[in-house]
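This report describes a protein model together with its ligand.

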Amino acid sequence: MTISKAIDNARVGLSKSLMTTPCERKGFYSETVRDAEGRRLSFPLPERVTFGTAVDEAITYILWHDRQGDLWTAEEAVALGLAAAQRQQGWDLVEDKEVFGIQLRNAVNLYLTSTDGLERIQRLYAEGLTLQGNDGVSLRAGDVIGTPDYKTSRRVGDLKTWGRNDGERKFWKSPEMGLYAFLYTAENGALPETVFYQAYIRVNKPYWLWLEIPATADLVEYGKQTADHWRSLLELGRPELFPFDTTYCGDCPFRDPMPEVGHDGCAVGRVMPREEIAA
Ligand code: SF4
């Protein structure tokens with residue numbers, strides 16, 4: 001058995017995913033526009049997201065078995081990663097599926113040979129490493145919810161696939177790790193000692209990277225402030241109050257009206273020239 005990484009579309013609450021949406025207005029729509037059964041709508045995501053899903057699935061399978069001393073194989077990891085990608089709506093957007101498979105195999109092979117890959121995580125087994133929150137159970141603090149890929153008695157971390165290495169700025173560019181540190185602190189009554197990213201840098205010569213910094217009260221406060229911001233705005237429920245970023249209008253599924261679910265379209269995205277946002 002491995003852990004399901006699927007997110008429940010009916011889930012409510014201030015999820016980490018919601019609060020790290022680059023266009024906040026899109027985040028508002030993704031949270032509030034729901035189908036007749038109360039589920040969030042799902043859409044095809046870009047190839048880089050599908051690739052990240054495949055890598056996540058493959059690595060989670062390896063770690064789940066390796067941690068327990070069970071047998072596992074790289075072939076099975078790649079097969080599971082590929083199957084997870086094929087289940088995504090975004091699979092149709094993957095132009096060269098053969099190259100996708102080769103790149104996934106490469107990511108797994110590098111994970112097994114890099115000092116920042118499997119070897120690095122194995123050192124955390126002694127700290128009681130759990131995967132996907134508490135082995136599949138998300139962390140919660142009141143209405144805030146999130147599922148870090150890694151958690152131990154001393155640290156919290158996440159597995160990533162990035163197109164470049166932004167270094168330690170990454171911990172502050174997005175509130176993601178602040179939110180995880182906030183959730184960890186709420187659950188444990190104390191700060192984690194460190195927060196970390198284990199990232200596959202998908203460039204011409206790809207590699208695995210380990211970034212780790214001390215967890216501070218400032219980082220936790222960053223997470224808390226982010227949650228307070230989103231809670232207040234969502235309570236008002238007015239899309240025009242949510243900041244927007246037109247960088248993401250080109251493939252935003254909420255740009256146009258969807259009368260079948262009572263969505264009027266995004267007032268900003270609708271007025272963007274089509275040729276501009278498609279570029
Ligand atoms: S259409 Fe553009 S501004 Fe509107 S929610 Fe989508 S990304 Fe944001």
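## Ligand surroundings

The ligand is surrounded by 14 residues, of which the closest are Cys23, Cys249, Cys252, Cys266 and Gly269; a residue is counted as near when its C-beta atom, placed from the backbone, lies within 6 Å of the molecule or strand concerned. By class, this shell comprises 9 nonpolar, 2 polar and 3 charged residues. In this scheme Ala, Val, Leu, Ile, Met, Phe, Trp, Tyr, Cys and Pro are nonpolar, Asp, Glu, Lys and Arg are charged, and the others, Gly among them, are polar.

## Basis of the model

The model is predicted: local features require pLDDT of at least 70 and side-chain atom pairs count only at pLDDT 80 or more, whereas totals for chains, interfaces and linings use all residues. Residues are numbered from 1 along each chain as its sequence is written.

## Overall fold

The protein contains 11 helices and 8 strands, where helices (H or I, at least four residues) and strands (E, at least two) are DSSP runs numbered from the N terminus. The radius of gyration is 19 Å, close to the 19 Å that the globule rule gives for 279 residues, so the protein is as compact as a globular protein of that length. This radius is taken over C-alpha atoms, and the rule is 2.2 Å times the number of residues to the power 0.38. Along the principal axes, the C-alpha atoms fill a box of roughly 55 × 45 × 35 Å.

Of the 279 residues, 35% count as buried. A residue is buried if 20 or more other C-beta atoms lie within 10 Å of its own, exposed if 12 or fewer, and partly exposed in between, with C-beta atoms placed from the backbone. Among contacts with a separation of 6 or more, 68% involve residues 24 or more positions apart; a contact requires C-beta atoms, placed from the backbone, within 7 Å.

## The mixed sheet

An open sheet of 5 strands has the order β2-β5-β6-β7-β8, with mixed pairing. Strands β2 (130-131) and β8 stand at the edges with a single partner strand each, so one side of each is left without a neighbour in the sheet. Two strands are taken to pair if DSSP finds at least two bridges between them. β2 and β5 (residues 150-151) run antiparallel and are joined by 2 bridges, with Thr130 opposite Lys151 in β5.

Strand β7 (residues 194-201) is largely enclosed by the rest of the structure, because 6 of its 8 residues are buried. With β6 (residues 155-162), β7 pairs in the parallel sense over 8 bridges, and Lys160 has Ala199 in β7 as its bridge partner. With β8 (residues 207-214), β7 pairs in the antiparallel sense, also over 8 bridges. On that side Val195 stands opposite Ile213 and Tyr197 is partnered by Leu211; a hairpin of 5 residues joins β7 to β8.

## Helix α9

Helix α9 (residues 176-188) has 13 residues and spans 18 Å from its first C-alpha to its last, close to the expected 18 Å; the expected span is 1.5 Å times one less than the number of residues. Since 10 of the 13 residues of α9 are buried, this helix is largely enclosed by the rest of the structure. Its buried residues include Met177, Leu179, Tyr180, Phe182 and Leu183. Just after α9, Gly189 adopts a positive phi of about 75 degrees.

Notes: Two residues are in contact if their C-beta atoms, placed from the backbone, lie within 7 Å.
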